[in-house]
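User: Hi! I'm new to looking at protein models. Could you walk me through this one?
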Amino acid sequence: MAALTAVAAVTALGVSGQPATAAGTSPFRAGGAPSGISKLTGGLTTPWGISFLRGRNAALVTERDTAVVWKVALDGAKKKVGTVPNAVWSEQTQDKGGLLGVATSPTWNGTTDKDVFFMETTAKDNRVVKMKFDGTRLSNYTPILTGIVRDTQHNGGQIAFGPDGYLYVATGDAQKGRLAQDKKSLNGKILRITKNGAAAPGNPFGTRVYSYGHRNPQGLAWDRAGRLWSTEIGLDTWDELNLVKPGRNYGWPTCEGACRTGGMTDPKMVWDPNEGGVPAQIAIVNDVIYASTLSGHRLWRVPIDSTGQDVGRATAYYNGAYGRLRALVKVPGADQLWLGTSDRGIDKDLLLKVTIK
């Protein structure tokens with residue numbers, strides 16, 4: 001597939017970042033741009049989450065609409081390994097939950113550690129579940145965190161293990177903005193939990209809550225210094241890229257984008273939803289953030305500055321070439337991304353391989 005590259009460039013929009021300065025004086029990384037894109041595999045239906053298996057040169061890929069889980073190898077060969085029970089999705093009712101994120105245990109080996117984790121929307125709630133995967137098939141469905149309020153929209157859904165070995169869970173506000181500010185609620189949060197679903201040690205409030213004031217966060221990734229970054233879908237005005245720190249309040253519903261309300265943390269970058277925005281997921285390669293977009297139909301490159309506290313000029317790639325883009329992950333041990341198309345129809349979505357130069 002021919003690549004459509006470098007179609008737009010914008011500044012981090014008026015939040016806290018400054019545009020990159022002239023060559024030779026910029027505090028932002030200049031390299032790390034996509035140099036090619038190709039089809040890895042097809043025949044998918046709305047791939048939502050991707051998580052690589054430790055040491056197996058393959059990843060698990062979830063399908064939102066069908067609850068099917070695929071094992072996809074580096075050469076694109078794919079095999080169905082099972083489904084996750086109880087996931088609910090319906091185009092007729094616009095119930096856009098279904099099977100969402102996936103995270104394999106950092107010590108998974110298929111024998112002594114078979115744990116893989118999923119987030120799903122059921123008829124009753126959003127929940128995090130644990131299953132066993134021996135390298136061939138899924139088994140032993142076990143919910144570990146239930147009762148996250150569900151809705152037809154704003155379910156969050158991304159899960160990922162951090163460098164500290166704990167599981168981070170992005171939850172939406174379920175179209176109930178007040179829940180995002182309620183520190184007793186699991187909604188509108190980034191949670192940090194153990195493999196059994198309990199609050200991880202050292203959490204800022206002694207609960208599962210790591211940060212709050214989120215509307216619909218769907219991207220989680222860590223840079224080389226272990227800092228957590230997240231994308232968040234806004235309402236009408238701004239979508240956000242946030243540097244997430246423990247105990248911080250990210251403002252929703254009081255703020256959408258930047259605001260000057262005391263005690264609330266501004267995003268590092270915002271997108272106009274109508275100008276290439278609605279970011280879905282993120283991955284980080286050599287301290288450069290890549291963000292897939294749904295309505296934006298493009299992949300954004302956003303360099304982190306030398307302090308790790310800000311970002312520089314954002315550049316867009318593949319504008320309109322592949323339609324809606326969602327699932328995104330860095331390939332371990334390589335300067336490559338796997339990028340999934342979304343909502344093309346039954347068996348019509350792709351996984352794309354993006355090479356970073």
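Analyst: Happy to! Let's begin with a term: a salt bridge is a side-chain nitrogen of Lys or Arg within 4 Å of a carboxyl oxygen of Asp or Glu. Please keep in mind that this is a predicted model, where local features need pLDDT of at least 70, side-chain atom pairs count only at pLDDT 80 or more, and totals for chains, interfaces and linings use all residues. Residues are numbered from 1 along each chain as its sequence is written, and side-chain values use heavy atoms, with hydrogens and water left out.

User: Which residue forms a salt bridge with Arg 324?
Analyst: Asp 343 does, and the closest N and O atoms are 2.9 Å apart. Arg 324 is in the loop between strand S22 (314-317) and S23, while Asp 343 is in the loop between strand S24 (336-341) and strand S25 (349-356), 19 residues apart. Salt bridges that share partners also join Arg 64, Asp 65, Arg 324, Arg 326 and Asp 343 into one network.

User: Switching topic: what volume does the largest pocket have?
Analyst: About 1,000 Å³. On a 1 Å grid over the protein atoms alone, a pocket is an open set of points with protein on both sides within 12 Å along at least five of seven lines; a cavity is a set where a 1.4 Å probe fits but cannot get out, and lining residues have an atom within 4 Å of a point. Grid points are joined across faces, edges and corners, and a volume is the space filled by probe spheres set on the points.

User: Which residues lie nearest the centre of the largest pocket?
Analyst: Phe 52, Phe 161, Val 329, Lys 330 and Pro 332, out of 39 lining residues. Strand S19 gives the largest share of that lining, five residues.

User: What about the second largest pocket?
Analyst: The second largest pocket has a volume of about 590 Å³. Its 30 lining residues include Arg 64, Lys 96, Arg 324, Arg 326 and Asp 343, which lie nearest the centre.

User: Last one: in what order do the strands of the open sheet run?
Analyst: The four strands are ordered S3-S4-S5-S6, with antiparallel pairing. Strands S3 (47-52) and S6 (78-83) stand at the edges with a single partner strand each, so one side of each is left without a neighbour in the sheet. Two strands pair if DSSP finds at least two bridges between them. Strand S5 (residues 68-73) and S6 pair over five bridges, and Lys 71 stands opposite Lys 79 in S6.

Conventions:
Helix = DSSP H or I, 4+ residues; strand = E, 2+ residues; numbered from the N terminus.
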